[in-house]
Amino acid sequence: MMPSFYQLLKKIIQTGIGASRLIMAAGGLGIAMILLLIAIQAHTDFDQLLNNQQNANESADFLVINKKITNAMMGQNAKSEFTPAEIADLQKQPFTEAFGFITSNQYKVTAAAPGDLHFYTDMFFESVPDSFIDVKNDEWKWAPGDNTIPIILPNDFLNLYNFGFALSQGLPQISQETVKALPMKVTISQGLMTQEFTGRIVGFSDRISSFLVPVSFMDWANGKFGTGQAASPSRVIIKTKDPSNPVLAEYLKDKGYTTNQDKIKYSKTKRIVQIIVSVIGFFGVILLVFALLVFSMFIQLVIASCKKEIQLLVTLGTAPRQLQRYLMRQFVPLYIAIGIVALLLVAGLQWWASVQLAAHEVFISKWIAVSTGCAALLVVVLVYIVNRVNVRKYINAIS
Amino acid sequence: MSMAVATAMDIFHLEKALYWDIIKNTSFMQIQLDNLVPVPLRDKILQRSSDIWNRPVTFTPGSFTKIKAPSGTGKTTLVHYLYHIRTDYTGQVLVNGQPWASYSKGAIAGMRQEQISVIFQDLRIFEQLTALENIELKRVMNAQPYCSAEKVKEMAARLNVTHVLNQSGRTLSYGERQRVAIIRALVQPFQWLIMDEPFSHLDEDNANRAAQLIAEECKARKAGFILTDLDNDTRFAYDTYYNL
């Protein structure tokens with residue numbers, strides 16, 4: 001069996017000369033890669049963790065935002081309204097996926113319980129676009145001429161009544177089904193104009209703390225009973241992918257807006273994790289640069305030590321490209337091996353971490369993220385390209 | 001990863017194909033000299049007349065050319081200029097009408113694999129390879145070798161070096177190295193064979209065997225050669241004589 005061209009080149013171009021440098025470069029590359037992959041994986045895991053805890057079923061969250069009522073503002077209702085400029089600014093923020101107004105009633109509303117319950121109260125309505133409502137119900141619709149208004153109550157309201165008011169006053173506690181079954185007499189009025197409706201509770205919302213009616217009813221009633229002027233909203237609702245986004249928390253704080261603080265409480269933790277992950281990633285990048293430098297020195301040494309041999313090969317007609325390909329063939333399996341080992345290590349670490357955390361009821365994926373795999377591939381390709389450029393440069397310099 | 005490698009290989013093949021176009025479009029590789037004068041020998045050469053230096057010369061493709069050159073007239077220098085491994089001259093060496101310097105490294109490598117072959121006076125054998133590996137290196141450098149491994153054995157037998165084929169290049173005598181270098185030059189396709197005192201280390205019998213083999217191989221390729229030597233000789237049926 002005759003040796004191939006590359007086998008003969010192997011006898012002529014000894015790559016063993018810089019073994020210690022090669023080991024250093026390979027070790028550096030391996031550690032750099034592990035750090036980078038851990039940074040990316042940790043980032044992914046933390047994201048996943050937050051999203052899982054907060055919305056089991058949904059990938060987005062809804063925040064009702066209003067201006068903070070301060071002592072200075074009291075008695076001046078207009079100061080709590082959002083100006084069009086403020087609304088436009090909020091809408092163009094990167095964390096705002098969808099945006100809706102909460103529209104208030106511009107008329108008086110009273111509600112009375114039917115029969116002998118002797119329940120009578122002044123109340124208010126608000127409406128938001130349907131896509132922001134977490135109650136999906138066929139009865140949630142209204143058209144002019146309908147005598148029945150569907151109403152959504154906040155879940156908290158029923159809880160307050162059942163566990164706060166009813167218990168202390170000796171009144172009966174009411175189930176959700178009962179409330180839904182009870183028709184209410186709703187009267188809306190403005191001055192001398194009045195109209196009576198039957199109100200029917202169709203659901204309970206955890207998302208929006210207000211008495212909600214369909215937008216179609218609100219528009220009709222505000223048109224007929226209202227002042228005719230569209231009032232500026234003082235509460236808005238946004239849909240956001242990640243309520244723990246530190247940018248969002250920072251924005252609300254800067255503008256003096258408030259929302260359900262519970263929903264954004266993770267933003268501080270997230271910022272700390274981001275800093276740690278960035279530091280790890282930064283060291284990974286620095287180490288990668290050094291590994292590339294050592295690789296470059298190794299390639300220079302190998303080529304310089306075989307200068308005479310390479311020159312004779314070129315004299316005999318070996319194309320510089322053939323030499324480049326031969327040298328790259330010596331290195332590429334090493335990069336791929338390093339990439340695979342680093343990926344396996346990080347995968348092992350991820351699996352171990354998921355088992356450890358599962359014992360504390362914290363669940364992260366057992367497998368590494370796609371982005372981590374892509375990053376490993378990217379680093380290998382980067383190293384390949386940089387080394388190829390080096391090989392070409394040094395070979396051209398002596399041939 | 002494999003994508004990147006594949007792309008690099010594609011480019012390599014593409015360029016190789018381009019060389020092939022250049023080669024195939026040129027039926028004969030033409031070598032011309034245009035007032036060539038080596039810088040280190042300038043004063044010495046301008047004092048006397050020469051058939052080669054400082055004048056236009058066209059080597060006829062396919063012709064057997066002998067350049068007789070006494071010591072110190074720049075014989076080896078000329079060979080190195082013709083093969084483009086030295087460039088310290090004024091004037092030009094033109095290949096297919098273009099100066100050597102206008103060709104890229106890749107294109108020059110392609111020509112050295114397909115169109116022009118060389119036997120150096122200092123032989124230039126890789127000492128870390130065996131005699132046979134030295135020849136093989138040249139043979140398999142081309143993706144499609146021009147001649148078979150059997151043909152190499154046959155040539156080695158004709159030049160009486162079969163017994164040293166597996167010997168390290170380091171231990172070969174000058175005569176053996178010279179014969180290995182001759183075989184190495186003959187395993188590739190060429191249109192021109194450049195030889196610098198190719199028989200200097202051979203006895204009469206081996207020199208004649210080598211000359212006969214070279215002549216046969218040139219004829220088989222319809223190739224010409226340029227041979228430089230110190231004295232007159234009748235080993236080949238030369239078409240052209242020059243005095244350096």
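How far apart do the end C-alpha atoms of residues 31–242 of chain B lie, and what are the helix and strand percentages of the span? The end C-alpha atoms lie 15 Å apart. The span is 34% helix and 20% strand. Keep in mind that this is a predicted model. Why pick that span? UniProt, in an unreviewed entry, places the feature "domain: ABC transporter" at residues 31–242 of chain B.

Let's stay on chain B and look at a sheet. It is open, with four strands in the order β2-β1-β4-β5, and the pairing is antiparallel. The edges are β2, residues 57–59, and β5, residues 98–99. Each of these edge strands of chain B pairs on one side only. Go to the β5 edge. Strand β4 of chain B, residues 89–95, pairs with β5(B) over two bridges, in the antiparallel sense. There, B:Leu94 sits opposite B:Pro99 in β5(B).

Now the interface. On chain B, 29 residues are in contact with 29 residues of chain A. How much area is buried between chain B and chain A? About 2,800 Å², and carbon and sulfur atoms give 70% of that. On the polar side, nine residue pairs are in polar contact between chain B and chain A, with both residues at pLDDT 80 or more. The rule also finds one salt bridge across the interface of chain B and chain A. Which side chains meet in it? A:Lys11 and B:Glu133, at 2.4 Å, N to O.

Which helices of chain B build its side of the contact? Four of them each supply at least two residues: α1 (2–25), α4 (105–114), α5 (131–139) and α6 (149–158). The largest share comes from α1(B), with seven residues. By type, the side of chain B that touches chain A divides into 18 nonpolar residues, two polar and nine charged.

Residues 21–40 of chain A are 100% helix and 0% strand, with end C-alpha atoms 28 Å apart. Residues 364–386 of chain A are 74% helix and 0% strand, and their end C-alpha atoms lie 36 Å apart.

Next, the strands of chain A. One open sheet has four strands in the order β2-β10-β1-β11, with antiparallel pairing. At its edges stand β2 (98–101) and β11 (257–258) of chain A, each with a single partner strand, so one side of each is left without a neighbour in the sheet. Strand β1 of chain A, residues 61–67, is joined to β11(A) by two bridges, and these strands run antiparallel. A:Asn66 stands opposite A:Thr258 in β11(A).

Last, β8 of chain A, residues 183–190. What does β8(A) pair with? One partner is β4 of chain A, residues 108–112, antiparallel, over five bridges. In that pairing A:Ala111 faces A:Val186 in β8(A). Another partner is β9 of chain A, residues 193–205, also antiparallel, over eight bridges. Here A:Ile188 has A:Gln195 in β9(A) as its bridge partner. β8(A) and β9(A) form a hairpin, with two residues between them. In the turn, A:Gly191 has a positive phi of about 65 degrees.

Technical notes. Residues are numbered from 1 along each chain as its sequence is written. Chains are lettered from A and ligands numbered from 1 in the order in which they are written. Side-chain values use heavy atoms; hydrogens and water are left out. UniProt positions are given in the numbering used here, feature names are shortened, and annotations may be inferred rather than shown by experiment. Contact means heavy atoms within 4.5 Å. Buried area is the accessible area (1.4 Å probe) that two parts lose on being put together, summed over both. A salt bridge is a side-chain nitrogen of Lys or Arg within 4 Å of a carboxyl oxygen of Asp or Glu. A polar contact is a pair of N or O atoms within 3.5 Å; within protein, one must be able to donate a hydrogen and the other to accept it, and residues adjacent in sequence count only if both atoms are side-chain atoms. Ala, Val, Leu, Ile, Met, Phe, Trp, Tyr, Cys and Pro count as nonpolar, Asp, Glu, Lys and Arg as charged, and the others, Gly among them, as polar. Two strands pair if DSSP finds at least two bridges between them.
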